[in-house]
Amino acid sequence: MRKETVEPRTVVPGQDDPRVAELNRAVTRLQRELAGYRGHLADRGIAEEELTAVGTALRTGAPEVARLRHSLLLIAGAIGSVSALSEPLGKLRNAVELFGRPAR
């Protein structure tokens, strides 16, 4: 019988959670698309701040669902109906929905 040594593994909160990974990808993509969008958005700063806040929450582990949903509403309101950003915004919405409904 072979004896193996197991090294302790440092676990980063949310590291193995596929929902966190998907949300991180969606946040990164929308940030990139928003940065590249040259049209006028009156509330661009709000969208950028909320995307940064979500990204920060992801680095600390699985974020609070109610806060995610609030951020999504602010981001969607800030972006409005800009068709160039609709696909990455939809991906963000889908990623937030992976976390389910907030606890009541």
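Reply: Start with helix α1. Its residues Val20, Leu23, Ala26, Val27, Leu30 and Leu34 are buried. Buried means under 20% relative accessible area, exposed means over 50%, and partly exposed lies in between, with a 1.4 Å probe and protein chains only. Seen down the axis of α1, the buried residues fall within an arc of 125°, so they line one face of the helix. That arc is taken from the directions from the helix axis to the C-beta atoms.

This is a predicted model: local features need pLDDT of at least 70, side-chain atom pairs count only at pLDDT 80 or more, and totals for chains, interfaces and linings use all residues. Residues are numbered from 1 along each chain as its sequence is written, and side-chain values use heavy atoms, with hydrogens and water left out.

What does the buried face touch? The buried residues of α1 pack against α2 (44-59), α3 (65-79) and α4 (86-97). Contact here means heavy atoms within 4.5 Å. Turn to the other side of α1, and Pro18, Arg25 and Arg32 are exposed.

Now the length. Helix α1 covers residues 18-36, which is 19 residues. At 1.5 Å a residue it should span 27 Å, and its end C-alpha atoms are 27 Å apart, which agrees. The expected span is 1.5 Å times one less than the number of residues. Helices are DSSP runs of H or I with at least four residues, numbered from the N terminus.

Next, the charged pairs. The whole structure holds 5 salt bridges. A salt bridge puts a side-chain nitrogen of Lys or Arg within 4 Å of a carboxyl oxygen of Asp or Glu.

One of them joins Arg19 and Asp17, at 2.8 Å from N to O. Arg19 is partly exposed, at 29% relative accessible area. Asp17 is buried, at 16%.

Another joins Glu50 and Arg67, at 3.4 Å from N to O. Glu50 lies in α2 and Arg67 in α3, so this pair ties together parts that are 17 residues apart in sequence. Glu50 is buried, with a relative accessible area of 12%. Arg67 is partly exposed, at 37%.

A further pair is Arg93 and Glu97, at 3.0 Å from N to O. Both residues lie in α4, 4 residues apart, about one turn of the helix. Arg93 is partly exposed at 38%, and Glu97 is partly exposed at 40%.

Technical notes
Helices (H or I, at least four residues) and strands (E, at least two) are DSSP runs, numbered from the N terminus.
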